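Hi,

Here is the structure I promised to pass on. My notes follow below it, and I'd be glad to hear what you think.

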Amino acid sequence: MRSIIDILDLSNREIDELIATAVDIIENPEAYSRKCEGKKLATLFFEPSTRTRLSFEAAMYELGGHVLSVTGAGASSVAKGESVADTAKTVSCYADIIALRHPQEGAALVAAGNASIPVINAGDGGHCHPTQTLADLLTIYREKGGFANLTVGVCGDLKYGRTVHSLIGALSRYENVKFVMISPEELKVPGYVTGALREAKVPFEETASLEGALPHLDILYMTRIQRERFDDPALYDALKDSYILTTEKMKLAREDMCVLHPLPRVNEISVAIDQDPRACYFKQVRNGKYMRMALILKLLREPFEEKPQRELFHHLSCRNPRCITRTEQELEPAFFLAGTGDQQRFRCLYCEHRARS
Ligand code: NCD
């Protein structure tokens with residue numbers, strides 16, 4: 001039994017295998033139409049979703065399996081105060097695999113620690129979204145033929161944009177990849193993302209200028225400003241229109257640049273760009289279903305595998321108000337040491353934010 005909580009739970013070789021399976025599914029869909037007969041996927045979505053939930057469900061149906069679904073905390077015992085751990089134990093009695101979306105960071109890790117079936121993180125607050133990254137990777141692979149030597153611009157809400165955190169993690173393991181992080185000062189990528197890049201010596205620059213970055217990019221990954229994660233509505237209003245990609249700005253970009261977006265789009269990409277051959281975000285939607293099919297197949301086949309444990313420390317508390325350790329009953333806080341030298345920090349095992357000092 002194996003869960004996917006972070007994209008780094010998959011090696012590059014496993015990602016290559018998932019891509020190969022997805023490409024084979026695209027070419028021979030009939031060969032896969034009964035592979036999950038008799039199996040049930042539970043989709044537990046405690047935050048809004050269109051693409052992620054429907055693509056998981058479509059993926060399971062196309063593999064010949066069944067789907068059990070909970071949408072919205074209000075419709076399940078979570079509304080009665082049930083913990084993530086108890087929900088995971090309960091659903092393990094009915095289903096063979098879980099896809100969980102939850103507003104708290106680290107919720108999927110707690111579910112995986114308590115379920116007796118594989119758990120896939122379908123988004124945990126502003127933290128990670130590994131299966132969106134699988135969709136992104138298949139799209140980049142099909143457009144660019146691989147991942148090495150790319151200059152990747154990520155633009156918008158890099159603080160709360162969980163898809164960006166996972167994408168950066170995945171791409172940083174390929175040769176000669178550079179990142180240009182384009183955001184207002186208030187929405188820069190969290191320290192655990194830049195810390196990991198520094199440690200791995202992956203080059204990146206941070207800028208507020210989309211126009212300045214555009215001519216240099218192979219990939220532009222646009223994101224929505226995540227209104228629901230702001231504590232201060234006035235700050236959201238001030239930042240919401242920070243970046244709008246228009247046909248005029250696209251003139252600055254290379255002829256073969258790819259525009260990606262995890263969607264939903266609010267207004268950060270002008271609808272006119274949908275006609276531009278460089279717009280790949282609807283291809284990304286389709287690719288998400290194939291990669292989720294490949295992932296479900298892999299996890300249902302995989303034998304039990306114990307993950308190597310890092311040394312954990314329990315005497316601290318997490319400073320992130322959205323961390324699952326703040327609400328989950330009797331969950332012992334756990335921290336690991338990340339970075340080296342004066343960059344060394346205790347980071348929360350669940351959400352990767354720093355320990356309270
Ligand atoms: C993203 C998400 O939920 O993080 N959407 C998705 O899964 N395709 C991005 C977003 O909500 O802005």
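The cover over the buried residues of α7 includes α6 (162–171), β6 (178–182), β7 (204–207) and β11 (345–348), where contact means heavy atoms within 4.5 Å. Helices (H or I, at least four residues) and strands (E, at least two) are DSSP runs, numbered from the N terminus. Within α7 (residues 191–199), the buried residues are Y192, V193, T194 and L197; buried means under 20% relative accessible area, exposed over 50%, and partly exposed in between (1.4 Å probe, protein chains only). After α7 comes K201, with a positive phi near 55°.

Please bear in mind that this is a predicted model: local features need pLDDT of at least 70, side-chain atom pairs count only at pLDDT 80 or more, and totals for chains, interfaces and linings use all residues. Residues are numbered from 1 along each chain as its sequence is written, and side-chain values use heavy atoms, with hydrogens and water left out.

Now to the salt bridges, each a side-chain nitrogen of Lys or Arg within 4 Å of a carboxyl oxygen of Asp or Glu. The count by this rule is 19. In one of them, R162 pairs with E47, with the closest N and O atoms 2.9 Å apart. R162 belongs to helix α6 and E47 to the loop between β1 (40–45) and α2 (51–62), so the pair ties together parts 115 residues apart in sequence. R162 is buried, at 8% relative accessible area, and E47 is buried too, at 12%. By contrast, E248 and K251, which form a salt bridge at 3.0 Å, N to O, are both exposed.

Best wishes
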